[in-house]
Amino acid sequence: MFCLKTVPAPKWVNAEILLKRLSYNRRLRSTVTSSSTTRPEKTDHDRNRSGAQRASARLQSPGKSGRAGRDRTNSSSAANEISVDFEQSQEAYRSKDSLELLRSLVVFKLCSYDFLVDKNEEIMNLGKKILGQKVFDQLMKMTFYGQFVAGEDHISIKPLIQKNQAFGVGSVLDYSVEEDISQKEETQKESSSVSTGGKGSIGEGYIEKNYEAGKQLGGSQREVIGTCTYIYADEAKCDQHMETFMKCIKASGGSSIDGFSAIKMTALGRPQLLLWFSEVLVKWQRFFTFLSSQQDGMEALDQRLELTQLQELMIKLGAKGDFHGWFTRKKGESAGCIDILDWNSLIDDRVNTSDLLLVPNVKLDKLEPLLKNLTIEDENQLKRTLERLDVLAKCALENGVRLMVDAEQTYFQPAISKLTLDTQKIYNREKPVVFNTYQCYLKEAYKNVTMDVELSRREGWCFAAKLVRGAYMYQEQERAKEFQYEDPINPNYESTSTMYHRCLHYVLDEIALNRKANVMVASHNEDTIKYTLKRMNELGLLPAENKVFFGQLLGMCDQISFPLGQAGFPVYKYVPYGPVSEVMPYLSRRAQENRGFMKGAQKERELLWKELKRRLVSGELLYRPVY
Ligand SMILES: Cc1cc2nc3c(=O)[nH]c(=O)nc-3n(C[C@H](O)[C@H](O)[C@H](O)COP(=O)(O)OP(=O)(O)OC[C@H]3O[C@@H](n4cnc5c(N)ncnc54)[C@H](O)[C@@H]3O)c2cc1C
């Protein structure tokens, strides 16, 4: 029999260890949290709201009778239900002069030509050769760059931020410079020093193939660049990125009192290590599913594992230790079973990258290392990635800015999300400072969202999320096909939309229940925005509460952002900035990513035409926005 007090920590839980998450870092964080500043009560949105609400919002009569009682978290709010009219071209473009409208029309039209989008890199290179860099840059500023990018640096973007703010739209500053392709050689030095465990181990199949595919960063950098993942050069470069993000955060703080700043985790450390950590996390979860396999088909959060059963299983697999006792020590003597969050907490608390986690190899029927050891240098690099994130969260807190961690490819995302959650645990104690991102094109999106909401409830921090459909679909699908693992993306657009609305529904319910959570609905999809407004009305969530934010990209869907802002909803534009030549690669890929959207930009083009014609007829062609 195993006895808690006499038996040393089990070897597999040498995992005790896995990824010892810098205890000193935790201490540092707790100091930061205790000295946190409180966000000003009154926000820029509040200030803009009263005047703006007159514009396109209209107050409706109290809600219909037959609503479910649970939808009525605030009965008095029903009288203030607000709907927004997205057909109002005059209101949508009030912040734009006629030249800007014309530019939007030209750019959207150009983006609808497949050959221009497909060959945009070649066309741009040719353009540069023929026109010369200076003239080419100027041309770009008058067209694509001018449409989608705010300016070269955090100073030159200020007028645009202020103008949008004056019309009720905030900014998520997003420094969007990609690494130069010439760094390819440097990156190829990157070796796959981090390797997987043997064949047959838990998670073999999808996981290993996916991560093996991801490991070939050196060989497949074009894809990685193509979706705007930073390329690792060295630690100094990561420090430089961190400094840039800090400037961006300070600029956000300086330009508004309720700003956001976006970061990409792959800029903060070696992607190989994010890949490695992702693999560990996914295998670790699969191990739980394996152990509780009799409950197949259940929602992840409903799966339970009896501790006595765990003990027996582990002994059968040849492990020695007091597994039962390990969990009861954490949960209290009475705990008889654990769920996935208890299981995951093992990785939280017992983190030391230099040791090994053991999982069963089902084929060989024995335990074996989950992954091979990391070198000391690997470990230090992983620690530094966490430290950089910590510095940024602290900087955001001090500057009254919220930090938005973007979601990236599936083979990095578990690690990105986990590091973000651990940071939220520290910084989101009193208010949401750090926002995670959930990609609803993933089959696992709902599971991820519900698990993280539940984690935030148990640990008592404010859940904060940006919900997106996902930007890496084509890359993910091609990769899955190439490396023959299950496609992580939902089978079609409709299932992605259903997933989005399911996740959103869940988070909105959470907000209605405890008002601690925040969400940003980051979408250009009018139906999704309308769905959110409807749900907010049903739940009595008022725009002025600043719990539900909306996000669109700069230069897109102004007919959604501005009416929302003028109706008093907290809405933000993702505002990319950076020097022309360095932002262009990012922009050209954005056009490709958004090809579907661009084709569907027909409505936006119609509204632009309508407004231009109205100005022409009414003699307002020289209209200049006043603010
Ligand atoms: C403010 C903001 C922040 C963003 N941040 C991120 C981020 O951090 N990470 C990230 O990955 N993306 C991010 N995006 C991009 C986002 O994921 C989408 O690519 C983009 O917004 C288009 O989705 P939509 O809801 O706006 O429009 P829609 O046109 O309604 O949806 C298009 C999206 O649906 C999905 N889709 C399309 N066809 C299919 C299909 N056949 N099967 C399954 N799914 C399909 C894809 O995700 C596609 O991008 C962000 C977008 C915004 C507006």
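**A surface patch and a helix pair**

User: Which residues form the nonpolar patch on the surface?
Analyst: This is a predicted model, and in it Leu-126, Ile-130, Leu-131, Val-135 and Leu-139 make up that patch. Together they have about 460 Å² of accessible area.

User: OK, and which elements give two or more residues to it?
Analyst: Those are α6, covering 120-131, and α7, covering 133-142.

User: Which one gives the largest share?
Analyst: That's α6, with three residues. Ile-130, for instance, sits in helix α6.

User: Switching topic: how do α14 and α19 pack?
Analyst: Helix α14 runs over residues 271-291 and helix α19 over residues 413-427. They pack at an angle of about 85°, and their axes are 7 Å apart.

User: So what do you call that arrangement of α14 and α19?
Analyst: Roughly perpendicular, because angles of 65 to 115 degrees count as that.

User: Which residues meet there?
Analyst: From α14 you have Leu-274, Phe-277, Ser-278, Leu-281 and Val-282. On the α19 side they meet Gln-413, Pro-414, Ala-415, Ile-416, Lys-418 and Leu-419.

User: And how does the contact of α14 with α19 split by class?
Analyst: It has eight nonpolar residues, two polar ones and one charged.

Note on methods. Residues numbered from 1 in each chain as written. Predicted model: local features only at pLDDT ≥ 70, side-chain atom pairs only at ≥ 80, totals over all residues. Heavy atoms only, no water. Axes fitted to C-alpha atoms, helices over the stretch in contact; angles between N-to-C directions. Helix = DSSP H or I, 4+ residues; strand = E, 2+ residues; numbered from the N terminus. Parallel < 35°, antiparallel > 145°, perpendicular 65-115°, else oblique. Contact = heavy atoms within 4.5 Å. Nonpolar A, V, L, I, M, F, W, Y, C, P; charged D, E, K, R; others polar. Patch = residues over 30% accessible without salt bridge, like charges linked within 9 Å, V, L, I, M, F, W, Y side chains within 5 Å. Areas by Shrake-Rupley, 256 points an atom, 1.4 Å probe, with all protein chains shown as cover. Salt bridge = Lys/Arg side-chain N within 4 Å of Asp/Glu carboxyl O.
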